[in-house]
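Please load the model in your viewer and keep the selection panel handy. We will go from the whole chain down to single residues.

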Amino acid sequence: MCKMMEDMRNEAAIEATIEAAIKTASKLLRFEKLSCEKVAEYTNLPLEEVEKLAKELGA
């Protein structure tokens, strides 16, 4: 049971980290006008994810 709880906690932490990176990427794309490559580098998100986000934002 403890292993299952630990796994759930770790998964939630990973999801929270990804959500924070996506929020940061959105801000960088909108307000800083950085390239997708730089945003991917700074946030550790995959370039494809950043490009998809940029397209959604119209950035």
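This is a predicted model: local features need pLDDT of at least 70, side-chain atom pairs count only at pLDDT 80 or more; totals for chains, interfaces and linings use all residues.

Numbering starts from 1 along each chain as its sequence is written, and side-chain values use heavy atoms, with hydrogens and water left out.

**Stop 1: the whole chain**

Show the chain as a cartoon. Its secondary structure comes to three helices and zero strands; helices (H or I, at least four residues) and strands (E, at least two) are DSSP runs, numbered from the N terminus. The radius of gyration is 14 Å, well over the 10 Å that the globule rule gives for 59 residues, so the chain is more spread out than a compact globule. That radius is taken over C-alpha atoms, and the rule is 2.2 Å times the number of residues to the power 0.38. Turn to the C-alpha trace: along its principal axes it spans about 45 × 15 × 15 Å.

The accessible surface of the chain is about 4,700 Å², with 57% belonging to carbon and sulfur atoms; areas come from the Shrake-Rupley method with a 1.4 Å probe, and for residues only the protein chains shown count as cover. Of the 59 residues, 22% count as buried (buried is under 20% relative accessible area, exposed over 50%, partly exposed in between, with a 1.4 Å probe and protein chains only).

**Stop 2: helix α1**

Select 2-32, which is α1. This helix has 31 residues and reaches 44 Å from its first C-alpha to its last, close to the 45 Å expected at 1.5 Å a residue; the expected span is 1.5 Å times one less than the number of residues. Which residues of α1 are buried? Pick A21, A25, S26, L28 and L29. Their cover includes α2 and α3.

**Stop 3: two buried residues**

Zoom to S26 in helix α1. At 9% relative accessibility, S26 counts as buried. Leaving out residues up to four places away in sequence, S26 touches L53 and L57, where contact means heavy atoms within 4.5 Å.

Next, select T43 in helix α2. T43 is also buried, with a relative accessible area of 12%. Again not counting residues up to four places away in sequence, T43 touches A21, T24, A25 and L28. For a distance to draw, T43 and K23 lie 9.7 Å apart in space, C-alpha to C-alpha, and 20 residues apart in sequence.

**Stop 4: the loops**

Go to K33, in the loop between α1 and α2 (36-43). Just after α1, K33 takes a positive phi of about 55°, although it is not a glycine. Is K33 buried or exposed? It is exposed, with a relative accessible area of 66%.

Then move to N44, in the loop between α2 and α3 (47-57). N44, too, is a residue other than glycine with a positive phi, near 65°. N44 counts as exposed at 70% relative accessibility.

**Stop 5: a nonpolar patch**

Finally, select M4, M5 and M8, which make a nonpolar surface patch of about 320 Å². Patches are made of residues with over 30% relative accessible area and no salt bridge, joining like charges within 9 Å and nonpolar side chains (Val, Leu, Ile, Met, Phe, Trp, Tyr) within 5 Å. A salt bridge is a side-chain nitrogen of Lys or Arg within 4 Å of a carboxyl oxygen of Asp or Glu. M8 has its place in helix α1.
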